[in-house]
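Trainee: I am new to this structure and would like to go through it with you step by step. Could we begin at a single residue and then widen the view?

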Amino acid sequence: MLFNSIEFAIFLPIVFILYWFCTKENIKAQNILLLIASYVFYGWWDWRFLSLIAFSSFIDFSIGKKIGKTVDPKARKWLLKASLFVNLGLLGLFKYYNFFVESFAEAFTIFGTTIHVDRLNIVLPVGISFYTFQTLSYTIDVYKRKLEPTENIVDFFAFVSFFPQLVAGPIERATHLLPQFQRSRYFEYDKAVDGMRQILWGLFKKVVIADNCAFYANIVFNNYEDYNGSSLLLGAIFFSFQIYGDFSGYSDIAIGTARLFGFDLMQNFAFPYFSRDIAEFWRRWHISLSTWFRDYLYIPLGGSKGGTWMKVRNTFIIFLVSGFWHGSNWTFIAWGALNAIYFIPLLLMKRNRSNMDVVAQDRLLPSLKELFQMGITYFMVVIAWLFFRAETIKVAFEMIEAIFTFSNFGTPYIIEEGTGIHILPKKFLLSILIFLTVEWYDRTNTTSLEPFTLLSKYVRWCIYLGIGLSIFLFKGNEQTFIYFQF
Amino acid sequence: MNKHLFTFNFNTLKTFIFKTSLFCLASIIITCCLIFTIDGRSDPFYLRFTTKKQSSLILGTSRAAQGIVPSIFRDSLNIDIYNYAFTVGHSPYGPVYLESIKKKLDTKNKNNIYILAVDPWAISSWCEEPDNINQFRENKLCLSYINNVNSLPNFEFIYNYDQSPYNLFLKKTKMLLHTDGWLEVEINKSEISNSSRLKKEETYRQEHLPRTKFSTVRFQYLQKTINYLNQFGEVYLVRIPIHDKILQIENDLNFDFNEKITLLKGYKNYYDFTLIRNQFLFTDGNHLHRSSSKDFSKILVSTLIKDNL
């Protein structure tokens with residue numbers, strides 16, 4: 001079920017009404033209802049994969065309980081390894097099997113040997129990367145004694161499958177989300193209103209910004225040979241807003257929906273395109289994944305505590321794994337590697353934590369220096385997105401070459417499909433600028449559209465209706481959420 | 001304590017639901033208001049799905065949509081005829097168009113007239129297997145999924161609209177769809193240039209012609225359409241005039257088109273107006289200019305009168 005679908009528009013009010021009116025704020029009843037709703041939500045896409053979530057949940061619930069009862073460190077470690085093996089094994093099978101066998105076969109062609117491999121004709125279960133990481137956080141935290149294992153199977157199953165964030169995050173830690181399933185939840189008006197605002201803005205980001213950007217980005221990326229450098233750059237800029245609008249929009253809707261049910265999910269995007277360096281960008285982009293890798297991979301590997309070589313190695317590992325997490329394609333690994341290359345100089349110069357605050361805090365506008373820093377960082381990010389979006393690494397390099405060939409840098413254009421006319425979607429570019437302005441005013445907040453709450457009731461309603469109407473009028477052609485494939 | 005808390009939350013919950021419902025209601029009201037602003041300049045098709053069932057029809061592709069003016073029929077013959085022609089993508093002869101015609105047709109009277117515009121494109125397919133119905137382009141377009149073609153407003157059309165709703169509600173085009181179904185393209189004579197015709201000619205020659213193949217199934221469906229309409233009135237087949245260059249391409253596509261038409265049965269007459277093409281002005285070689293559409297419609301009406309309509 002997609003958030004921007006009619007089905008969800010019917011599903012959400014039904015669950016909301018049942019949740020608050022029929023359960024009488026009884027936690028057990030609420031959790032059972034959420035569990036059923038989550039399984040319906042996921043099963044709407046393909047009910048067969050419900051067994052996979054149920055299996056994964058059951059394994060980690062059982063292992064978690066067992067770890068909690070086991071004192072012997074060796075036995076605890078073996079249990080943790082079993083959980084890692086099952087979860088990562090399923091992820092590997094469904095997501096990476098074909099990639100590995102194909103890469104293996106391709107490697108042999110270097111030696112002049114052709115190996116025929118059998119691809120598995122399997123569907124990638126939606127959200128497998130997200131819920132696998134979420135459930136893994138539980139067993140790891142129980143193993144590390146940061147969390148007491150739960151005895152309540154319904155709570156745990158509801159935690160793993162919680163429908164607002166099941167298929168595309170934010171990837172919640174068990175330490176943060178699971179206790180919320182065990183606490184009484186009462187309806188809070190302000191929280192619910194915040195949630196609705198966040199849903200509205202998330203839908204705007206997805207339906208208006210991302211889907212319209214996707215239209216132009218797809219035209220450019222699918223016919224990249226027909227474009228000059230500036231047009232390719234424009235296509236990459238469109239993609240940067242597509243992926244931001246798509247993913248942060250999804251996260252906003254997820255966070256907003258969870259708030260309607262009395263839950264707090266972690267912030268997943270903190271206005272990353274206003275970052276002044278790449279380290280700040282990575283503190284603001286897909287926060288739930290970055291911090292997951294930091295806590296469960298970077299720190300266990302030694303983090304920044306070792307020597308220079310250790311820091312460089314660990315940083316590379318983190319970014320490569322992060323790239324690989326996004327998809328089984330070398331382009332994602334290249335994207336991760338490029339980000340590591342961006343990041344390492346800051347790390348070596350110990351400047352990776354020099355921009356910890358919000359840009360231009362307490363000021364209306366950024367300074368020229370900040371503007372320059374943001375521009376450079378955004379440009380670097382856009383170049384990296386070329387690898388993320390391009391079909392192959394070769395295509396990404398060809399596009400970069402064209403962008404940096406200044407003789408090829410004329411007026412940007414998009415070739416209109418069907419007519420072949422060269423156009424520049426000026427009105428849409430203007431709407432992106434307006435969108436950025438709203439985000440700029442919002443940059444110090446953790447929930448969406450907060451500055452508008454200071455306005456009078458009537459103005460506020462007009463703005464919300466305007467946003468709602470824009471979603472209806474300016475919606476682009478429906479695109480699947482990009483991060484569903486991860 | 002808990003009971004008190006629940007009562008308290010229940011009130012705020014009611015306020016929340018009330019305000020959310022109010023927001024949804026306001027959004028729906030604004031949307032409904034917008035729906036009633038859709039006019040003939042908003043979309044070249046929408047109004048055709050909002051009128052009542054029609055007795056007499058003009059059928060075919062965009063040539064007929066732009067080239068045959070129903071008001072001329074009303075003025076000269078006192079016949080209310082409705083232009084229910086779309087484009088070569090949407091309404092070539094086939095199962096989709098025939099079903100849509102059946103939905104639009106008022107079958108109470110038996111003395112109606114039907115003008116079927118025919119040309120080689122309207123009985124050809126743009127797919128690998130020209131006789132494979134599953135591959136027909138129109139299967140994915142609006143005529144195939146709109147079940148109710150006589151509803152004002154037409155929510156089915158709006159809901160399934162495949163472009164940005166902005167185009168439907170707020171954008172105004174240079175095309176005006178009249179209430180009788182005639183699509184008037186507002187291009188002045190001074191705006192007509194050879195370049196637009198040459199461009200169209202090149203598109204037809206380079207892109208359309210290689211992809212297009214004569215379809216026996218479509219030809220059979222043209223016959224089925226004639227047979228169906230024949231029950232309720234007289235059917236006339238008309239080949240609308242086009243520019244010389246486009247005619248050459250058309251002859252390359254189907255050189256024996258006129259002979260093929262003679263194989264059809266059940267129609268009263270077939271008029272090939274491409275023979276008098278030099279009398280008319282074309283916007284792009286393929287479509288009559290609006291002034292020529294009226295001239296052509298007058299010639300068509302007088303031909304029908306001569307034919308003892």
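Trainee: In which loop of chain A is Asp362(A) placed, and what is its phi?

Mentor: This is a predicted model, and in it Asp362(A) sits in the loop between helix H13 (330–348) and helix H14 (368–389) of chain A. Most residues other than glycine have a negative phi. Asp362(A) is not a glycine, and yet its phi is positive, at about 65°.

Trainee: Which two residues are joined by a cis peptide bond in chain B?

Mentor: Most peptide bonds are trans. In chain B, however, there is a cis bond with an omega of about -10°, and the proline that takes part in it is found in the loop between helix H5 (142–145) and helix H6 (155–159) of chain B. The two residues joined by this bond are Leu152(B) and Pro153(B).

Trainee: How are helix H3 (residues 50–69) and helix H5 (residues 128–143) of chain A oriented to each other, parallel or perpendicular?

Mentor: The two helices of chain A pack with their axes 9 Å apart and at an angle of about 10°. Angles under 35 degrees count as roughly parallel, and therefore H3(A) and H5(A) are roughly parallel to each other.

Trainee: What radius of gyration does chain A have, and what would a compact globule have?

Mentor: The secondary structure of chain A comes to 17 helices and two strands, and its C-alpha atoms fill a box of roughly 70 × 70 × 45 Å along the principal axes. With 486 residues, a compact globule would have a radius of gyration near 23 Å, which agrees with the value for chain A, 23 Å.

Trainee: Over which residues of chain B is the pLDDT below 50?

Mentor: The mean pLDDT of chain B is 89, and 94% of its residues reach 70 or more. One stretch, which has two contacts in the model beyond near neighbours in sequence, has a pLDDT below 50, and this stretch is residues 1–5.

Notes: Residues numbered from 1 in each chain as written. Chains lettered and ligands numbered in written order. Predicted model: local features only at pLDDT ≥ 70, side-chain atom pairs only at ≥ 80, totals over all residues. Heavy atoms only, no water. Axes fitted to C-alpha atoms, helices over the stretch in contact; angles between N-to-C directions. Helix = DSSP H or I, 4+ residues; strand = E, 2+ residues; numbered from the N terminus. Parallel < 35°, antiparallel > 145°, perpendicular 65-115°, else oblique. pLDDT = per-residue confidence, 0-100. Contact = heavy atoms within 4.5 Å. Rg over C-alpha atoms; globule rule 2.2 N^0.38 Å.
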